[in-house]
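Me: I would like to learn how to read a model of two chains, one feature at a time. Please give me the general idea where there is one, and then the case at hand.

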Amino acid sequence: MFKTFPQGGIHPPDNKLTVDKPIVVLPLPSQVTVPVSQHIGAPATPVVEKGEAVMTGQIIARAKGFVSANIHSPVSGKVNKIELVTDTTGYKQMAVMIDVEGDEWIETIDRTVTFVKEVAMTREQIIERCQLCGLAGMGGATFPTHIKLTVPAGKKCDLVIINGVECEPYLTSDHRLMLEKGPEVLTGTTIIMKALGVEKAIIGIEANKPDAINHLTVLSKDFKGVTVQPLKVKYPQGGEKQLIKACTGLEVPSGGLPLDVGVVVQNVGTAFAVYEAVQKNKPLIERVVTVTGKSVSNPGNFLVRIGTPVTRLIEAAGGMPDDTGKVVNGGPMMGKALAMTDVPVTKGTSGIILFPAEEAQRSEVMPCIRCGKCSSACAMGLEPYLLAAASERSMWEKAEKEKITDCMECGACSYTCPAKRPLLDYIRLGKTTVMRLARERITK
Amino acid sequence: MNNILNVSPSPHQQSPETTRKLMYGVVIALLPALAASIYYFGVGAIIVTLTSVLSCVAVEYVVSKYILKVKPSISDGSAIVTGLLLAFNVPSNLPVHVIVIGAIIAIGVAKMTFGGLGNNPFNPALVGRVFLLISFPVQMTSWPVPSGFKTGYTDAVTGATPLGLLSEGVRNGETVSAIMEKVPSHMQMFYGYMGGSMGEVAAAALIIGGIYLLWKKIITWHIPVSILLTVTVFTGILWLANPVKFADPLFHLLTGGLMLGAIFMATDYVTSPMTHKGMIIYGIGIGVITVLIRNWGAYPEGVSFAILIMNAVVPLLNMYIKPRRFGKEVKNG
């Protein structure tokens with residue numbers, strides 16, 4: 001009954017401290033900072049000016065081309081300035097800063113809490129609405145949703161998989177969403193199925209969320225074609241390729257996309273955002289963020305407006321503990337460490353984790369003892385020790401031949417290494433170099 | 001809010017397992033066999049073990065500090081493991097100076113000249129053992145008769161090992177059944193009541209250690225099982241074909257260094273293959289070579305040589321035996 005992917009994987013400690021904390025609406029901050037690039041693709045172009053009054057839900061930056069996403073004002077108030085700011089990635093990018101005044105929403109948004117099950121829109125209308133509402137994958141990769149809902153010519157989609165795995169330790173935002181917004185998530189799933197012209201959808205959930213499995217299994221009986229697939233707990237099951245393998249046995253070819261096996265994977269959070277966009281005409285202006293850590297006094301799951309400073313979130317969780325040595329945006333396995341907390345929440349922010357100083361430091365690096373645990377842990381069947389050694393010695397052809405570009409950077413190798421070698425650091429270096437060299441070959 | 005935030009790439013957590021913990025796990029797994037050695041060979045076993053461990057650690061310290069001029073790495077525990085394994089692979093009446101020479105070869109030559117932990121192609125303890133076997137053939141093949149603390153040290157009463165008796169008997173034209181009259185029963189051999197290297201005799205204790213290693217996930221089943229299964233099948237075929245000339249598989253499993261080799265020596269991380277498929281090939285190779293040497297070689301026992309020969313094959317195995325790449329040969333639908 002419980003399925004999983006067969007090759008590799010690790011079992012880091014769960015640390016889901018906020019699993020019983022219902023989603024709390026965070027009060028509006030006094031100012032928000034909304035970056036124009038919160039998605040994969042071209043940054044959006046600001047369409048408001050300094051001093052202009054904006055309303056909640058109003059477009060403030062328009063998508064530039066197909067591979068891009070609209071940005072909406074998450075609050076009402078006055079545009080204070082538009083300038084370069086540091087975002088969660090540590091890079092500077094253009095952002096619209098808005099001083100919050102009240103909370104006036106544009107009229108087209110349905111703000112009632114009534115649940116709307118019937119999907120009235122056609123396929124084309126759904127995709128257009130998702131594009132208008134600026135939807136992007138909420139799992140962290142933030143790929144614009146309307147592109148994933150558009151099946152390219154020559155490809156066929158026959159299954160939707162909704163990713164409710166949340167295999168990253170600590171994070172619980174997807175878990176809470178499934179528990180508290182079950183019907184909405186399922187309706188969102190139905191909408192995604194309709195957009196793709198698919199009859200079947202599977203919601204994959206790991207066994208450490210039995211309440212979510214039961215809840216959605218019961219609810220899904222009212223949704224034609226939607227089933228829940230319980231999965232064994234194993235990291236990195238939330239990886240698209242691993243999730244597809246676990247649920248269907250199908251294997252996405254090396255270098256390929258899920259559509260190559262007729263599957264589209266969407267995150268639970270995205271399904272919820274699709275529901276709100278299509279049924280309520282609500283753009284993506286808020287999301288659930290887990291704020292947690294072993295020393296945090298009031299860890300929880302918060303519904304926050306995009307652009308809220310991370311500092312505000314940490315205050316809501318009881319303030320930054322004195323022993324904090326690292327703040328991570330995202331999960332502990334794949335998230336990014338923040339250099340400062342004065343950065344805004346974006347569409348891809350699933351969690352903020354505060355690590356105590358003693359966990360913030362890496363252990364001393366010892367020589368490789370060739371135990372092979374990294375190869376056993378790799379869910380892609382790679383040999384991390386070899387890829388890291390090749391990268392360390394600038395042997396790019398060797399790294400390419402050994403499939404370094406198949407690495408999804410899940411970090412299982414670095415996690416598992418008893419000698420604490422920074423395997424993934426070197427593999428990232430090798431992967432980006434190999435990809436750059438490959439691009440140069442094509443352009444020559 | 002004056003915290004200084006660390007910034008580093010993901011992952012932001014590491015498993016609690018460390019090289020040191022793995023090494024001390026092996027030491028713990030060796031304790032039952034050590035206790036059995038002391039039970040059978042008394043004071044000799046204690047002297048040999050202490051000498052071997054102390055001299056291995058000392059050699060590693062001296063070489064890294066004064067010759068390589070790097071920070072001594074003795075705290076990682078690998079020198080202690082090598083010391084214990086070297087002691088387990090020699091007779092309990094071996095003189096101190098011979099053990100020290102073995103330690104110098106094992107750590108100084110077989111390990112440190114290649115760059116220390118992780119870089120040596122051959123199992124250091126086995127290199128030390130084979131060096132001693134060739135250089136001190138008399139001392140290395142005099143086996144104290146197990147009689148606890150009455151055994152003594154260099155003055156111990158010695159006898160032959162079951163494998164030695166078998167090899168000599170077959171050469172003299174005796175039948176296997178006649179030879180079996182002279183060796184301990186299978187049950188006695190299982191508990192370790194026989195002549196041999198101090199740590200190799202007690203199969204029961206070694207198996208307990210092996211179960212501990214498997215339970216703690218320090219080793220996987222692939223290497224020990226493939227070695228033991230290969231030896232069982234190969235000697236089983238020979239035994240069925242000609243029981244007059246060849247001993248039964250159980251005899252081969254319980255004698256010599258097979259259990260020690262299969263569970264503790266061949267599974268050394270540094271000198272064994274990285275993939276499970278490679279490990280199985282490596283194990284089969286060790287099993288086959290062991291049986292060939294035992295039945296047709298000049299030495300009655302061949303586990304050490306078999307492991308060292310297969311150690312040399314490991315780089316090739318790592319180069320050609322790859323894990324199954326995800327999405328490489330896709331057979332969907």
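Me: What percentage of the 444 residues in chain A is buried?

Reply: Keep in mind that this is a predicted model. A residue counts as buried if 20 or more other C-beta atoms lie within 10 Å of its own. In chain A, 55% of the 444 residues are buried. For chain B, 52% of the 333 residues count as buried.

Me: How many residues are in the largest nonpolar core, and which have the most contacts inside it?

Reply: The general idea comes first. In soluble globular proteins, nonpolar side chains tend to be buried together. Here the largest nonpolar core has 135 residues, and Ile161(A), Val274(A) and Leu313(A) have the most contacts inside it. Helix α7 of chain A, residues 268–280, gives the most to this core, with 8 residues. Another core, of 89 residues, lies apart from it; Ala33(B), Ala103(B), Ala203(B) and Val303(B) are among its members.

Me: Which residues does Leu313(A) touch, leaving out those up to four places away in sequence?

Reply: Contact here requires C-beta atoms within 7 Å. With sequence neighbours up to four places away left out, Leu313(A) touches Leu26(A), Val289(A), Val291(A), Phe302(A), Val304(A), Thr308(A), Val345(A) and Ile352(A).

Me: Among contacts in chain A between residues at least 6 apart in sequence, what share joins residues at least 24 apart?

Reply: That share is 74% in chain A. In chain B, 74% of the contacts between residues at least 6 apart likewise join residues at least 24 apart.

Me: In the open sheet with the order β3-β5-β6 of chain A, why is one side of β3 and of β6 left without a neighbour?

Reply: This sheet has 3 strands with antiparallel pairing. β3 (45–46) and β6 (71–72) of chain A stand at its edges and have a single partner strand each, so one side of each has no neighbour in the sheet. β3(A) is joined by 2 bridges to β5(A), residues 59–62. One residue pair to look up is Pro46(A), whose bridge partner in β5(A) is Ala61(A).

Me: How many residues of chain A are in contact with chain B?

Reply: 54 residues of chain A are in contact with 33 residues of chain B. On the chain A side, β15 (324–329), β16 (336–338), α9 (357–360), α13 (412–416) and α14 (423–443) each supply at least two residues. The largest share of that side comes from β15(A), with 5 residues. By type, the chain A side divides into 27 nonpolar, 14 polar and 13 charged residues.

Me: Which scores does the model have?

Reply: The model scores ipTM 0.89 and pTM 0.91. Chain B has an average pLDDT of 92, and 98% of its residues score at least 70.

Technical notes: Residues are numbered from 1 along each chain as its sequence is written. Chains are lettered from A and ligands numbered from 1 in the order in which they are written. This is a predicted model: local features need pLDDT of at least 70, side-chain atom pairs count only at pLDDT 80 or more; totals for chains, interfaces and linings use all residues. A nonpolar core is a set of buried Ala, Val, Leu, Ile, Met, Phe, Trp, Tyr and Cys residues joined through C-beta atoms within 7 Å. A residue is buried if 20 or more other C-beta atoms lie within 10 Å of its own, exposed if 12 or fewer, and partly exposed in between; C-beta atoms are placed from the backbone. Helices (H or I, at least four residues) and strands (E, at least two) are DSSP runs, numbered from the N terminus. Two residues are in contact if their C-beta atoms, placed from the backbone, lie within 7 Å. Ala, Val, Leu, Ile, Met, Phe, Trp, Tyr, Cys and Pro count as nonpolar, Asp, Glu, Lys and Arg as charged, and the others, Gly among them, as polar. pLDDT is the predictor's confidence in each residue, from 0 to 100. Two strands pair if DSSP finds at least two bridges between them.
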